[in-house]
Amino acid sequence: MPEPYDVITMGRIGVDLYPLDIGVPLARVETFGKFLGGSPTNVAVAAARLGRRTAVITRTGRDAFGEYLHQELRGFGVDDRWVTEVEEYPTPVTFCEIFPPDDFPLYFYRQPKAPDLEIHPPELDLDAVRDARIFWMTGTGLSAEPSRAATLAALRARSGSPAREFRTATVFDLDWRPMFWDGGDHSAVAPARYREALAHATVAVGNIDECEIATGEREPRAAARALLAAGVELAVVKQGPKGVLAVHRDGSTADVPPLPVEVVNGLGAGDAFGGALCHGLLAGWGIARIMRYANAAGAIVASRIACSSAMPFPDEVERALAEGTVTGDIAAGPAGAAS
């Protein structure tokens, strides 16, 4: 039997075209950097950077951008065996604007449909999904068929099989992107889809807006309690500048402040947090230590322009924790490569 993966993620992938000019409107940007993108894909990259064996289940177009994404995944050490092509649709592209410290508009080009929403249940390697120590899925995967059915099939495969001693968590990244749902912010079906997925997850991660979609609650502790009531064992509520709240079904809690950082681009910080969360869960750490570590990983990425290539290595996270802040040399990365 093949060795189980530490982390398998499922869902969005694309090419991020980020301006290399900070504080400039997109209409006036002249120079862009090209990066691997897509939240669950970046989580796989982040966990791989921390030494974990990872893979991603997704789809690209049959085009040059799809080839680029395969190349990047392999370069980051993420297994791309379940990244397949869709003939009908182009690989998505995402642009952003960078206005530090807290304004980073995103522009998704996923029309007429993104290939990553064309994942079909029969294509899944359910044995690998079932056996992975952590399986990570997102709210976006629930927004359209056949991706919704495939995501739920993967979740049921894990929750419906006997527990394995090496299995650590099934993580639902709430990942609320209203532009991907019929009805947008007023989607009538999204809350029900979220509740259906929560019944199969053991960990839920989301910010206040995402928790409100999933539970109807905006107050952090009330949202955490509602997520636990929906079926998970660990609720992680991200509160931006107020830090992160984690509440476990066993009664343990952690309310961790953010790590000081000079923000360059806040996009991708949540994905670094996710990869570090997986790393800490796999290591068997207590929730306070996990949250501090994940906060530090997210802060490092917030200090850099890129997402995927900005994901930190373990020594960088440990340095940030030891120094109590993200210093300029940490932000610059190895020889400035990740800045």
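Trainee: In which strand is Thr 60 found?
Mentor: This is a predicted model, in which local features need pLDDT of at least 70 and side-chain atom pairs count only at pLDDT 80 or more, while totals for chains, interfaces and linings use all residues. Residues are numbered from 1 along each chain as its sequence is written, and side-chain values use heavy atoms, with hydrogens and water left out. Helices (H or I, at least four residues) and strands (E, at least two) are DSSP runs, numbered from the N terminus. On that basis, Thr 60 is found in strand S4.

Trainee: Is Thr 60 buried or exposed, and with what relative accessible area?
Mentor: Buried means under 20% relative accessible area and exposed over 50%, with partly exposed in between (1.4 Å probe, protein chains only). Leaving aside neighbours within four places in sequence, Thr 60 is in contact (heavy atoms within 4.5 Å) with residues including Ile 13, Leu 69, Val 86 and Pro 115. Thr 60 is buried, and its relative accessible area is 1%.

Trainee: Which residues of helix H2 are buried?
Mentor: Helix H2 covers residues 64-75, and its 12 residues reach 17 Å from the first C-alpha to the last, close to the 16 Å expected at 1.5 Å a residue, where the expected span is 1.5 Å times one less than the number of residues. The buried residues of H2 pack against S2, S3, helix H1 (39-49), strand S4 (54-61), strand S5 (78-79) and strand S6 (83-86). Those buried residues are Gly 66, Tyr 68, Leu 69, His 70, Glu 72 and Leu 73.

Trainee: In what order do the 4 strands of the open sheet stand?
Mentor: Two strands pair if DSSP finds at least two bridges between them. Strand S2 (residues 14-19) pairs with strand S3 (residues 32-37) in the antiparallel sense over 6 bridges, and S2 pairs with strand S7 (residues 93-96) in the parallel sense over 3 bridges. S7 is joined to S8 by 4 bridges, and these two run antiparallel. The pairing is therefore mixed, and the order is S3-S2-S7-S8.

Trainee: Which strands stand at the edges of this sheet?
Mentor: An edge strand here has a single partner strand, so one side of each is left without a neighbour in the sheet. The strands at the edges are S3 and strand S8 (106-109).

Trainee: What is the bridge partner of Val 15 in S7?
Mentor: Val 15 has a bridge partner in S3, which is Leu 36. In S7, the bridge partner of Val 15 is Val 93.

Trainee: How many residues of S2 are buried?
Mentor: Strand S2 spans residues 14-19 and is mostly covered. The number of its residues that are buried is 6 of 6.

Trainee: At what angle do helices H9 and H10 pack?
Mentor: Angles run from 0 to 180 degrees between N-to-C directions, and axes are lines fitted to C-alpha atoms, for helices over the stretch in contact. Helix H9 (residues 287-302) and helix H10 (residues 314-323) have their axes 9 Å apart, and they pack at an angle of about 105°.
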